[in-house]
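Student: I am new to this structure. Please pick one spot, look at it closely, and then walk me on to the other parts.

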Amino acid sequence: MTTICLVRHGETDWNVKGIIQGQTNTPLNKVGELQAIQCGRFLKNKNYDVIISSPLKRAMKTSELINDSLNLPVIYNDNLKERYFGIAEGQIKESLSKDYPDQIYPNQELRLALNKRVMTALNTIISTHLNQRVLVIAHGAVINSILSSVSNHVCGSQITSLKNGSFTILNINEPIWTIESVNQTTHLK
């Protein structure tokens, strides 16, 4: 069995302000750094084998701070980048709701393209790290895309809210996917 622990990156100032980040390279704030440190301490004795992370700054820093407690190999995967939100990036989500009530913004990455990209990453992770325990550091839309795909849309995109620094754990015993937990935050103080 392969276990994937999906970790949403720590908090950024843009998260706090409700600004859409997408692929804009924003850093963690102090709370986000603390969340990542708490994740690492909680995961220290959980016997993970590798960390695979989005290369965006907020995910990279989260993986580095987690890895201070784990000392694992870290691999960066471009397919784990957050969804590109087109003209909405850098804008306050609430201020866009009048013009885009359906949250479909000009030039944004299509949901089908996101799902294909993210599932390609996940399938590569599974085939490369079969029967291992893998930490994947990613973003809200990425994790929700995975949840939507593996749950046949019972949870995930447009259904599940994920907190910064949360864990979502999947177990894969091909071809069966089991969702062990979603949005686990008990490790955060």
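**A loop residue, and onward**

Tutor: Start at Asn107, which sits in the loop between helix H4 (93–96) and H5. Keep in mind that this is a predicted model. The backbone of Asn107 is worth a look. Its phi is near 70°, a positive value, and the residue is not a glycine. Is Asn107 buried or exposed? Exposed counts as over 50% relative accessible area, and Asn107 has 60%, so it qualifies as exposed.

Now compare another asparagine. Asn71 belongs to the loop between helix H3 (57–70) and strand S3 (74–76). This residue, too, is not a glycine and has a positive phi, about 55°. Asn71 has a relative accessible area of 69%, so it counts as exposed as well.

Step into H6 itself. The helix runs 140–150. Of its 11 residues, 10 are buried, so the rest of the structure largely encloses it. The buried ones are Gly140, Ala141, Val142, Ile143, Asn144, Ser145, Ile146, Leu147, Ser148 and Val150. What do they pack against? Their partners are S1, H5, S4, S5 and strand S6 (176–184).

Ser148 lies in H6. Its relative accessibility is 7%, which is under 20%, so Ser148 counts as buried. Now look at Ile159. It is 11 residues from Ser148 along the chain, and the two C-alpha atoms are 8.7 Å apart.

H6 also takes part in the largest nonpolar core. This core has 25 residues, and Ile4, Val136, Ile146 and Leu170 make the most contacts inside it. Strand S1 (2–8), strand S2 (50–53), helix H5 (111–128), strand S4 (133–138), H6 and S5 each give it at least two residues. H5 supplies the largest share, seven residues. So what surrounds Leu170? Leaving aside residues up to four places away in sequence, Leu170 touches Thr2, Thr3, Ile4, Leu6, Ile146, Leu147, Val150, Trp177, Thr178 and Ile179. There is also a second, separate core of 14 residues, with Cys5, Ala59, Ile66 and Ile137 among them.

Helix H1 (13–17) and helix H6 are the elements that give two or more residues to the lining. H6 gives the largest share, three residues. What is the lining made of? It divides into 10 nonpolar, 15 polar and eight charged residues.

Ser166 is in the loop between H6 and strand S5 (167–173). Its relative accessible area is 1%, which is under 20%, so Ser166 is buried. Which residues surround it? Beyond four places in sequence, Ser166 touches Leu6, Val7, Arg8, Asn183, Gln184, Thr185 and His187. With one of these, Asn183, there is a polar contact: the two side chains meet at 3.3 Å.

Past S5 comes another loop. Pro175 lies between S5 and S6. The peptide bond from Glu174 to Pro175 is cis, with omega near 5°.

Finish in strand S6, at Glu180. Once residues up to four places away in sequence are set aside, Glu180 touches Ile169 and Asn171. The side chains of Glu180 and Asn171 are joined by a polar contact of 2.8 Å. Ile169 is 11 residues away from Glu180 along the chain, yet their C-alpha atoms are separated by 5.3 Å.

To recap, the tour began at an exposed asparagine, Asn107. It then passed through H6, where 10 of the 11 residues are buried.

Terms used. Residues numbered from 1 in each chain as written. Predicted model: local features only at pLDDT ≥ 70, side-chain atom pairs only at ≥ 80, totals over all residues. Heavy atoms only, no water. Helix = DSSP H or I, 4+ residues; strand = E, 2+ residues; numbered from the N terminus. Nonpolar A, V, L, I, M, F, W, Y, C, P; charged D, E, K, R; others polar. Buried < 20%, exposed > 50% of the residue type's maximum accessible area, 1.4 Å probe, protein only. Polar contact = N/O pair within 3.5 Å; in protein donor to acceptor, adjacent residues only side chain to side chain. Contact = heavy atoms within 4.5 Å. Core = buried A, V, L, I, M, F, W, Y, C linked by side-chain atoms within 4.5 Å.
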